[in-house]
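The following dialogue is meant for a reader who meets this structure for the first time. Please look at the sequence and the structure before reading on.

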Amino acid sequence: MRWRPGRRALAEFIRHPLLDRIGVPHGFGVIDAAPPAGLLRVRQVHGIAVAIVDEEGVPSHDEADAVVSCQTQRPVGVMTADCVPILAAARDGSAVAAIHAGWRGLGAGVVEAGISALRVQCGGVHADLVAVIGPHIGASCYEVDAPVLDTLRARFGEAVDDASEPTRPGHRRLALGDLVALALGRAGVREGSVAMLAGACTSCDARRFHSYRRDGEHAGRLVHHISARAGR
Ligand SMILES: [Zn+2]
């Protein structure tokens, strides 16, 4: 389901100091937050393709789960409802990325793919990146089964067990955000340059967030956005 453009915007996007500090306009979506004008998104398919937005504002892919841009006028974004949104930027604000990571994309390497693409955009190699992990389903609400765990173990090994707790046979409660943080670290984002929104479980907080697990197939979607810094 799409956000409904006719509805009055009642809510403010959630910003994070780490991204505020480098001056990139951004926001993690909440229910009834109206996406910014001109928001560029592509179709998300739980894969690892990265859409690079060119100087004319045209994305290199129509289907992708990470969007990378140097545009100051055209925000890029992803939509989620329990999956993990990541907003990342070069510390000089010249290049930004919005990444959508569910267990499938995470297991396939979408976080690493998005960060690798971000690192080489906008006429430079950006060694210094920052990334913020947005609202997603928390471990206490996210029990997964063996196929999910096996997919993730293939990429993250024993870290999957550190990021989860057993529930019933073949099932564990998984902290998806912890694995995203690990993937960001592996992709070379320094530990002090990664942050996670606190107290932002999409399933627990029905007042602020849409949740697929909670609301089923008719769940709404949260829209998250970021743009490069103007006036560099
Ligand atoms: Zn929860």
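Predicted model: local features only at pLDDT ≥ 70, side-chain atom pairs only at ≥ 80, totals over all residues.

Student: Is Cys204 buried or exposed?
Tutor: Buried means under 20% relative accessible area, exposed over 50%, and partly exposed in between (1.4 Å probe, protein chains only). Cys201 has a relative accessible area of 12% and is therefore buried. Cys204 has a relative accessibility of 54%, so Cys204 is exposed.

Student: At what angle do helix α3 and helix α6 pack?
Tutor: Helices (H or I, at least four residues) and strands (E, at least two) are DSSP runs, numbered from the N terminus. Axes are lines fitted to C-alpha atoms, for helices over the stretch in contact, and angles run from 0 to 180 degrees between N-to-C directions. The axes of α3 (residues 110-119) and α6 (residues 176-186) are 9 Å apart, and the angle is about 40°.

Student: Which word describes α3 relative to α6?
Tutor: Angles under 35 degrees count as roughly parallel, over 145 as roughly antiparallel, 65 to 115 as roughly perpendicular and the rest as oblique. The two helices pack at about 40°. Helix α3 is therefore, relative to α6, oblique.

Student: Which residues make the contact of α3 with α6?
Tutor: Contact means heavy atoms within 4.5 Å. On the α3 side there are Val111, Glu112 and Ile115, and on the α6 side Val180, Ala183 and Leu184.

Student: How many residues of that contact are nonpolar, polar and charged?
Tutor: Ala, Val, Leu, Ile, Met, Phe, Trp, Tyr, Cys and Pro count as nonpolar, Asp, Glu, Lys and Arg as charged, and the others, Gly among them, as polar. For the contact of α3 with α6 the division is five nonpolar, no polar and one charged.

Student: Is Glu112 buried or exposed?
Tutor: Glu112 belongs to helix α3, where eight of the 10 residues are buried. Beyond its neighbours within four places in sequence, Glu112 is in contact with Arg155, Phe156, Ala183 and Ala187. Its relative accessible area is 12%, so Glu112 is buried.

Student: How do α4 and α6 lie to each other?
Tutor: The axes of helix α4 (residues 146-156) and α6 come within 12 Å and cross at roughly 25°. In their contact, Leu152, Arg155 and Phe156 of α4 meet Leu179, Leu182, Ala183 and Arg186 of α6. The two helices are therefore roughly parallel.

Student: How far apart in space are Leu87 and Val132?
Tutor: Leu87 has its place in strand β5 (residues 84-90) and is buried, with a relative accessible area of 0%. Not counting residues up to four places away in sequence, Leu87 touches several residues, including Phe28, Val132 and Ile226. Leu87 and Val132 are 45 residues apart in sequence, while their C-alpha atoms are separated by 5.4 Å.

Student: What separation do the C-alpha atoms of Gly157 and Ile226 have?
Tutor: Gly157 sits in the loop between α4 and α5 (159-162) and is partly exposed, at a relative accessible area of 27%. Along the chain, Gly157 and Ile226 are 69 residues apart, and their C-alpha atoms are separated by 32 Å.

Student: What is the phi of His46?
Tutor: His46 lies in the loop between β1 and β2 and is partly exposed, with a relative accessible area of 35%. Although His46 is not a glycine, its phi is positive, at about 60°.

Conventions: Residues numbered from 1 in each chain as written. Heavy atoms only, no water.
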